[in-house]
Amino acid sequence: MDIQTQLKQAISEAINSLFGTTVETVLLQPTKKEFEGLYTFVTFPLTKTTRKPPVEIGQAIGLYLQEKTALISKFNVVQGFLNLSIADAVWIEELNVILADPSLGQLPSRNESVMVEFSSPNTNKPLHLGHLRNNFLGDSVSWILAANGYDVVKACLVNDRGIHICKSMLAYQEFGNGETPESTGMKGDHLIGKYYVWFDKAYKQQIEELIEEGMPKEEAEKKAPLLLKVQEMLRKWEQGDPETVALWQKMNGWVYEGFAETYFQIGVSFDKTYYESETYLLGKDVIEDGLQKNVFYRKPDGSVWIDLADEGLDQKLVLRADGTSVYITQDLGTTDLKFQDFPIRRAIWVVGNEQDYHFAVLFAILRRLGRAYAEGLFHLSYGMVDLPSGKMKSREGTVVDADDLIAEMVETARSRTRELGKIDDFESEEANRLYHMLAMGALKYYLLKVDPKKRMTFNPEESIDFQGHTGPFVQYTHARICSVLRKAEQLGHQPEAGLHPVELAESEQHVVYLLTQFTQRILEAGTDYAPSYLAQYAFELAKAYNQFYGELSILSEPDATKVKFRVALSKAVAETIRKAMELLGIEVPTKM
């Protein structure tokens, strides 16, 4: 039973014993910073039933707790607020429990599966900064849900077909001269991205030429020769033309090799990958089913619609007059497929907030179709990521390429670590691993510490500051603690449970208090799909440990019982930081 629960129980018993009355629920709140104590119990609501002033009630309960329990060391009453300080022996017992539980941070199995779908790249360009926020969110939420006892399926739906893919293919066919990733020394996804950009420029140029010849802009956009060619290529692909399909397979193969390198760099993997080329025809049977149930209606031109006006979502096309799908059709079919493929109860989509309307419509349709799983669907929406102006424009001059950003972050980590003299051997393989670890810690932490819904600015320089609210600050703290533990071991001090009572400083109490909050923070992060909660927690814990480390000596302390406590405390903090950062997908170094 945690401290708060024990305290609530004791207060409830005190009220019953002192005033012969009961309270339905005892509420505790954190004590305000200007007063001494950890928890505060508000006595005003008891004045009616006890007919006593709030200060007197507070004094009586405080004395009862001090005399009848071993939970509190002291108390003070400010008007109707009873502020309670927890006894040192209680904190030591809490730390003993933490040290004795290697599975701390892993909740019991719920026997329930959930799918998290994220990343969803297009095979016509490399991953960019926006994809990184998406990948880090999806990966972290997956780890957090697993820690909450769920069986998690990490899924990715690759957009590997359609007009935008054919644009790269056509440009390569016309101007590629048979070049390959090997012959150019380029990653496959970058090579294909180059041709997508090329198509866009050449297409715009053709539109300009047609306008100069007197054609209206709208007509020019539809009649540009390149567009007509790319539409023809898509038709050929859909008809299974062998030459077109072979080119598509070859180019997509190059892209997947490029993606695999990037995913490896950022430490992200998937349990299941769906390909739009295999799912884009799904969903038509769902439309048929919905027509029979009168969920959809057919217009005179043959197109099929749903009226969601009563949910504030307007009328929505679900099948074109010529019988071809729209995106929502595919998503209806793919969602059914996911729930057939896996015994999941919930599905979460990590997709940017420009798709908020699309998911509101998708979920509303599935509810109307009576899908049993419809209440377990969630869109984890997130905002755009900007960079400080003038920083890191990509080759196209529009989006920030993920590989370029990672390379720049590794370089920044290298130069920053050297400047601060935080490493002995700058060029070893171990040093390069450290630079990559710090770069990814900086990048992931900075993107995850913000509420996903907020649009944010990513500042590469700020993200890698060893003193700020950053990943490297937490990583450096972990390395520092590991250094203390290595020295402790050399001196024969083993961090272990079975600690004896000892007088604690306030900074020590605060660190133990934060350690006791870990499981609760994991629960909250899982409930709200919020990695930011754990990013904040890891920072608070690292900051509290650094304060303790700055105020008190660990290994030079003359009192052996205190040394034992502080070494054990350090061990528990290092373990908890490692576990918290792991849930964000971040590795922590053991030395620097």
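The model is predicted: local features need pLDDT of at least 70, side-chain atom pairs count only at pLDDT 80 or more, and totals for chains, interfaces and linings use all residues. Residues are numbered from 1 along each chain as its sequence is written, and side-chain values use heavy atoms, with hydrogens and water left out.

**Overall chain**
- The protein chain has 23 helices and 14 strands, taken as DSSP runs numbered from the N terminus (helices H or I, at least four residues; strands E, at least two).
- Its C-alpha atoms fill a box of roughly 90 × 65 × 40 Å along the principal axes.
- Of the contacts (heavy atoms within 4.5 Å) with a separation of 6 or more, 72% are between residues 24 or more positions apart.

**Charge**
- There are 63 positive and 83 negative side chains, and the centres of the two sets lie 2 Å apart; Lys and Arg count as positive and Asp and Glu as negative, while His and the chain ends are not counted.
- Charges are placed at NZ of Lys, CZ of Arg, CG of Asp or CD of Glu.

**Glu208**
- Glu208 lies in helix H8 (residues 188-212).
- Glu208 counts as partly exposed because its relative accessibility is 48%.

**Gly550**
- Gly550 is placed in helix H22 (residues 531-551).
- With a relative accessible area of 66%, Gly550 is exposed.
- Gly550 and Glu419 are 131 residues apart along the chain, and their C-alpha atoms are separated by 23 Å.

Definitions and conventions: Buried means under 20% relative accessible area, exposed over 50%, partly exposed in between (1.4 Å probe, protein chains only).
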